[in-house]
Amino acid sequence: MGRVALVTGGSRGIGASIARALKDKGYSVAATYGGNDEAAAKFTEETGIRTYKWSVADYDACADGIAKVEADLGPVEVLVNNAGITRDAPFHKLTPEKWREVIDTNLNGVFNMTHPLWPGMRERKFGRIITISSINGQKGQFAQANYSAAKAGDIGFTKALAQEGARAGITVNAICPGYINTEMMSTIPEKVMNEVILPQIPVGRLGEPEEIARAVLFLASDDSAFITGATLTANGGQYMI
Ligand code: NDP
């Protein structure tokens, strides 16, 4: 059996591509989701990948859920923190609730998932923590003070934890996708896509979820042992750092 990989928000979008790619590489994969039972059931039916429902925003639910995954598949060696939400609003309309929801899921969720797995990874002297941040955590985005703060927080978390994991064989890295062709993008009007979004992307197209999945495969592999604390941008040249 291959290593065990756990992908949060792995039932749809980018996470689903990541889960599929890991499975194709021989990993034993578990995918979590937050509420959409129908999408999760369809995903399991199509891929054979087990799905587990809990909110990454709830620490105790994460600890319990991880225990269940480990009982089913064995110790988790690769964690992909992918689950994320948006609750966009310009700051003068940003409610405390929208602020909290996004911070709880996109930033606290990363702590809640990583913390229960950390002792086991340290004991076994191997781990891969890969967090899907965002270009908007690097450069900020109008109407996304909550999202940009959480995603920038994920990068700080990654850099700090990489230092703690280094001697224990645990690498901690972040990937910052730009615009990726997921369900979310298909709701954008064609005019906005062609006249506003695409001109901002030097390669002239959206990224595909599989392109993020391939970056995850690399960071999860034994070959990437010397890469830790890194922020990998995958945005078609939209924001160069
Ligand atoms: P989707 O909305 O397509 O899928 C999100 C996934 O996360 C779903 O499986 C969803 O579960 C799950 N999820 C949401 N909230 C929770 C929660 N509280 N607990 C557990 N699972 C949860 O997202 P994308 O594929 O578009 O995005 C994936 C990641 O990539 C996110 O972190 C996003 O911020 C980031 N990203 C996306 C970009 C894009 O262009 N799409 C660009 C840059 C970054 P359910 O199906 O039950 O709702």
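**Exercise 1. Determine how H3 passes H4 and which residues make the contact.**

Step 1. H3 passes H4 in a right-handed crossing; a crossing is right-handed if the near helix is turned clockwise from the far one by less than a right angle, and left-handed if anticlockwise. The model is predicted: local features need pLDDT of at least 70, side-chain atom pairs count only at pLDDT 80 or more, and totals for chains, interfaces and linings use all residues. Residues are numbered from 1 along each chain as its sequence is written, and side-chain values use heavy atoms, with hydrogens and water left out.

Step 2. H3 covers residues 59–73 and H4 residues 96–124; helices (H or I, at least four residues) and strands (E, at least two) are DSSP runs numbered from the N terminus. Their axes come within 9 Å and cross at roughly 50°. Axes are lines fitted to C-alpha atoms, for helices over the stretch in contact, and angles run from 0 to 180 degrees between N-to-C directions.

Step 3. That angle makes H3 oblique to H4, given that angles under 35 degrees count as roughly parallel, over 145 as roughly antiparallel, 65 to 115 as roughly perpendicular and the rest as oblique.

Step 4. On H3 the contact (heavy atoms within 4.5 Å) is made by Tyr59, Cys62, Ala63, Ile66 and Glu70, and on H4 by Phe111, Asn112, Met113, His115, Pro116 and Leu117.

**Exercise 2. Describe the packing of H1 and H2 by angle, distance and contact residues.**

Step 1. The axes of H1 and H2 (residues 37–47) are 12 Å apart, at an angle of about 20°.

Step 2. H1 is therefore roughly parallel to H2, and H1 passes H2 in a right-handed crossing.

Step 3. H1 contributes Ala16, Ala19, Arg20 and Lys23 to the contact, while H2 contributes Phe43, Glu46 and Thr47.

**Exercise 3. Identify the most connected members of the largest nonpolar core and the elements that supply the core.**

Step 1. A nonpolar core is a set of buried Ala, Val, Leu, Ile, Met, Phe, Trp, Tyr and Cys residues joined through side-chain atoms within 4.5 Å. Buried means under 20% relative accessible area, exposed over 50%, and partly exposed in between (1.4 Å probe, protein chains only).

Step 2. The largest such core has 26 residues, among which Ile18, Leu22, Val80 and Ile175 touch the most other members.

Step 3. At least two core residues each come from strands E1 (4–7), E2 (28–33), E4 (78–81) and E5 (127–132) and from helices H1 (13–24) and H9 (209–220). H9 gives the largest share, seven residues.

Step 4. Beyond its neighbours within four places in sequence, Leu22 is in contact with Ala5, Val7, Tyr27, Val29, Val80, Leu217 and Ala220.

Step 5. A separate second core, of 21 residues, includes Leu6, Met113, Leu117 and Ile170.
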